Amino acid sequence: MDNTILKAKNITKTYPNGVKALDDISFEIKKGEFIVVIGPSGSGKSTLLRSLNKLIDLTSGSVTIDGEEILNKKGKNLRLLRRKMAMIFQHYNLVYRLSVMQNVLHGRLGYMTNINGVFGNYSEEDKLKAIELLNEIELGDHIYNRAGDLSGGQKQRVGIARAIMQDPQIILCDEPIASLDPSSSKIIMDIIFNMAKKRGITCIVNLHQIDVAIKYATRIIGLSKGKIVFNDVAENLDNKTIETIYNTSIDNLMINGALKTM
Amino acid sequence: MLKINKISIINQREKKLFTYFGIVVLVLFVGATYLTKFNPLEVLLNSNEVWKFIIKDFLPPTLTKPVGIFDAIFITICLAISSTFIAGIFAIITAMFGSEYISPFPKVSKIIRGVATFLRNIPPLVWAFILFSSLGIGTGVGFVALVISTFAFMTRAFIESIDEVSKDSTEGLLVVGATFSQRVFQGIIPSCMQDFISWFLYCIEVNIRASTIVGMVGGGGIGLVLFSYLKSFKYQTAAGIILIISATIIGVDLLTGFLRKKVMENE
């Protein structure tokens, strides 16, 4: 039985100013994987992630989610398909004036009728689920606080809860820990990893930190100048590949933790 | 002896640009003064005429029929508040389509923005003239003039608020699969409500003054009353009315200023 949850084929993105952010990229992702995408700024990481749920329109290529092509979808069909892919952002992308509870419940909007969503008519079942989730990630004391009043780490936890509420098959994480301190970073990565594992959700995460990538990833994809230069399990990531990805000697890179040298 | 140059603190090129700009402005000013034969010092030179008029004709201010005047003030205030309200409702709706991040028709948003920017530069007085010439004078027409000018201003202000405040949160709602209305009511409105209310109060303040002026050219209210007293040379009563108008405007300014502070404080 085909276990592929996401298939990207020959995707290319050329910006109007001529910059080729993604150059004929293809890859497959199987259900349950924890993929980490690494690469320098400008390598196309963010463009790649955002093109998977059509936040960015691709110049050419195809992206299939659970067998369904997403790039030609519009309006209602697009929204229905987007439900399957939750997203966590570097800057959290919450509605700061609303409560934590309201922000988490936003994850259900894709499943509600237009009117119910507009007036925030969430079912009691959904509300209970939200509270359970918030307790699980230790935000139970903050459910009625304004989202804007929380710390960075707490805001990201709200973002994760919102993503989980969507009952997604895939979670896309665009540099989820880039704005967080080392302690919050570990908490967030652990939460994402464990929640995904528990619920059988596939994850695709953009990261700057190679050591974090190696620690959590089942597979690492290395991007450089819009092309894939590495697509293998974390153990096989060696210094030479890293140098290719970042286009500089390993001495010029700030990497923590031990790496396998070849 | 060593000549020490003073160290510059801005880019040399910028400094040159500023100097040239200053010279051009000066030349334009002198040229304009000469060509229009308007001497800006004339006001100062002939100020004793102005003072004579003020002391002899305007003062002391009197009010012989206060009742009619308070009716007129009431009309003016109502004009200001109601026009701001109506304009505000239209502006919020239009702004949703005018902001390129949230608009379901991003291409149209540029047009809406452009039109709003163009329209908002037309003062309410000009709108009043246009409408009075075509539709005749009256409170209703004055009301429409105020609505149009306020609407243009508010649309532009709201669009800027929306763009500034809700770009991130809108993206968050986009990926959960929310519809346009859901994104608006669950994202934009909560995020921008404070700004909207603040702009709304600001426009009421502006419109009290605009309403007086529009009133003068035919919109009714206290502006028209003032105008008719001036035209019939009843300067002392006119002075009294001017004082009342000033008091009203100051009162509204203080009230809206206080409310705006309260709204912004409620973080």
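Setting aside neighbours within four places in sequence, A:Val104 is in contact with A:Ala130, A:Leu133, A:Leu134, A:Val158, A:Ala161, A:Arg162 and A:Met165, contact being C-beta atoms, placed from the backbone, within 7 Å. This is a predicted model, with local features needing pLDDT of at least 70, side-chain atom pairs counting only at pLDDT 80 or more, and totals for chains, interfaces and linings using all residues. Residues are numbered from 1 along each chain as its sequence is written, while chains are lettered from A and ligands numbered from 1 in the order written.

A:Val104 also turns up, with A:Ile35, A:Ile171 and A:Cys203, among the residues with the most contacts inside the largest nonpolar core, which has 78 residues. Such a core is a set of buried Ala, Val, Leu, Ile, Met, Phe, Trp, Tyr and Cys residues joined through C-beta atoms within 7 Å; buried means 20 or more other C-beta atoms within 10 Å of a residue's own, exposed 12 or fewer. Helix α6 (residues 152–165) of chain A gives this core its largest share, six residues; helices are DSSP runs of H or I, at least four residues, numbered from the N terminus.

Then there is α5 of chain A (residues 124–136). Its buried residues are A:Lys129, A:Ala130, A:Leu133 and A:Leu134. They sit on the same side of α5(A) because they cover an arc of only 135° around the axis, taken from the directions from the helix axis to the C-beta atoms. These buried residues pack against α3 (100–105) and α6 of chain A. On the other side, A:Glu124, A:Glu125, A:Leu128, A:Glu132 and A:Asn135 are exposed.

Key: Helix = DSSP H or I, 4+ residues; strand = E, 2+ residues; numbered from the N terminus. Contact = placed C-beta atoms within 7 Å. Expected span 1.5 Å × (residues − 1).
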